[in-house]
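Subject: Structure for your files

Hello,

Please find the structure below.

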Amino acid sequence: MKKTLLAAAFGLASLLGASAQAKYEPTEANLKSREEFRDMKLGIFLHWGIYSTFAQGEWYLQNAVPDRYEYAKAADAFYPHRFDARQWVRSFKEAGAKYICFTSRHHDGFSMWNTKQSKYNIVEATPFGRDVIKELAEACKEEGIRLHFYYSHLDWMRDDYPMGRTGTNVGKPRDKADWKSYYSFMNNQLTELLTQYGSIGAIWFDGWWDHEEDSVPFDWHLQEQYELIHRLQPTCLVGNNHHGAPMEGEDIQIFERDLPGEMTTGFAKSVAEVSRLPLETCETMNGMWGYKVTDNNYKSTADIIRLLIKTSGKGANLLMNIGPQPNGELPAVALQRLKELGEWTTAYGETIYGTDAGDVKPQPWGVTTKKDGKLFVHVLAPECLVPGDGGNPVLYLPLDWKVKSVTEFIGGAKVEYRKTSNGIAVVLPRKIEAVDYVLVVQ
Ligand code: GLC
């Protein structure tokens, strides 16, 4: 009896051991990389590919072209003679961005580097013939900017990709699907990206949702793929834009066009779940990700700044997108926004970089961030504050801190405050004109 019990206990232990092995344990190096990422707060997303030549956004093939081979002819016209990786990266850096995320291969299946896995790539299929990823990697290294790669899981071009709910009208046969072949194609490509371009900050997957409506759950074999990435570069973070709670093996949680947990964009099920992983919100600077000639609906600089502060107030990073032009230049409006954003980050950067979400949760009037015993109070909408006796707006901060001082971040002037039963009440100037009026509570 004792023996059987022992055997059973042993069996259970090894079972537990087995499942513990399958569980993803990030390495020390990976954990460090996550913390570095968390501190960065601002990244630039770049959607650039042969779709840019049509100037109708990155979904043009799926939305309008009945024959994928007709679309593919754009490769032969892709000649972005004004592309200058250094100039791009410098303007991102001057804006205060700490990393960029570049579309290595989007849903149209075109690879923007010298891949050996398919001839449908920028070096072999375009007259331009330059490996832009190589040039970007070099520029990023020189400028001290981290490089991330967007990588599409789905593919509207290749026959071996098992078609999901998109790409159904581009003339692709369904009966040539070959998951094994497609999976090894992807893993070979990822291996190239992670062995030929230096240290990569993250792989940013997209397209999982292509199969979310399948009647039989589709197996993307993510764990094995994530393992490959971590094996090749332990510091490379894995993120996946599946709109849900993080899956095993992922290092960051992504929110598309949404602040963490706010669920304002209506994507799927569990985005309300905010994990303890580093968080990232991606958003477009105008309306589209890829260059669209009619889309001039740019957010104002003030709106971009407020968005950056709001993501910081959630402890998240903002990945702000730009769709470069077919000639290789960044749109002039985007450059202007970057320049103005840079003026703000130069003056106020200390209040966001390296901070955590502050102790006071986001409020209608603004948000808080914190670092080294300082709480940065960002007043973004002073009109939401109630005037006190003297007519000046009063800000109530529910805080269990022992407050030593309250000062204006710019200039350092002391600001009047009094203790209340659950925190402090700060009396603000009557007229607040800054996009972001910041107080420092020590
Ligand atoms: C969506 C779109 C894709 C874009 C991505 C960026 O998944 O399908 O085109 O690249 O969002 O977040």
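Contact here means heavy atoms within 4.5 Å. The model is predicted, with local features needing pLDDT of at least 70 and side-chain atom pairs counting only at pLDDT 80 or more, while totals for chains, interfaces and linings use all residues. Numbering starts from 1 along each chain as its sequence is written, and side-chain values use heavy atoms, leaving out hydrogens and water.

Helix pair

On the H11 side, Thr301, Ile304, Ile305, Leu308 and Ile309 meet Arg337, Glu340, Leu341, Trp344 and Thr345 of H12. Six residues of this contact are nonpolar, two polar and two charged (nonpolar: Ala, Val, Leu, Ile, Met, Phe, Trp, Tyr, Cys and Pro; charged: Asp, Glu, Lys and Arg; polar: the others, Gly among them). H11 covers residues 301-313 and H12 residues 332-348; their axes are 9 Å apart, at an angle of about 50° (axes are lines fitted to C-alpha atoms over the stretch in contact, and angles run from 0 to 180 degrees between N-to-C directions). H11 is therefore oblique to H12 (under 35 degrees is roughly parallel, over 145 roughly antiparallel, 65 to 115 roughly perpendicular, the rest oblique).

Pockets

A pocket is an open set of points on a 1 Å grid where a 1.4 Å probe fits, with protein on both sides within 12 Å along at least five of seven lines; lining residues have an atom within 4 Å of a point. The largest pocket is lined by 22 residues, with Trp59, Asp206, Trp209, Glu256 and Phe267 nearest its centre. Its lining has nine nonpolar, seven polar and six charged residues.

Regards

Note on methods. Helices (H or I, at least four residues) and strands (E, at least two) are DSSP runs, numbered from the N terminus.
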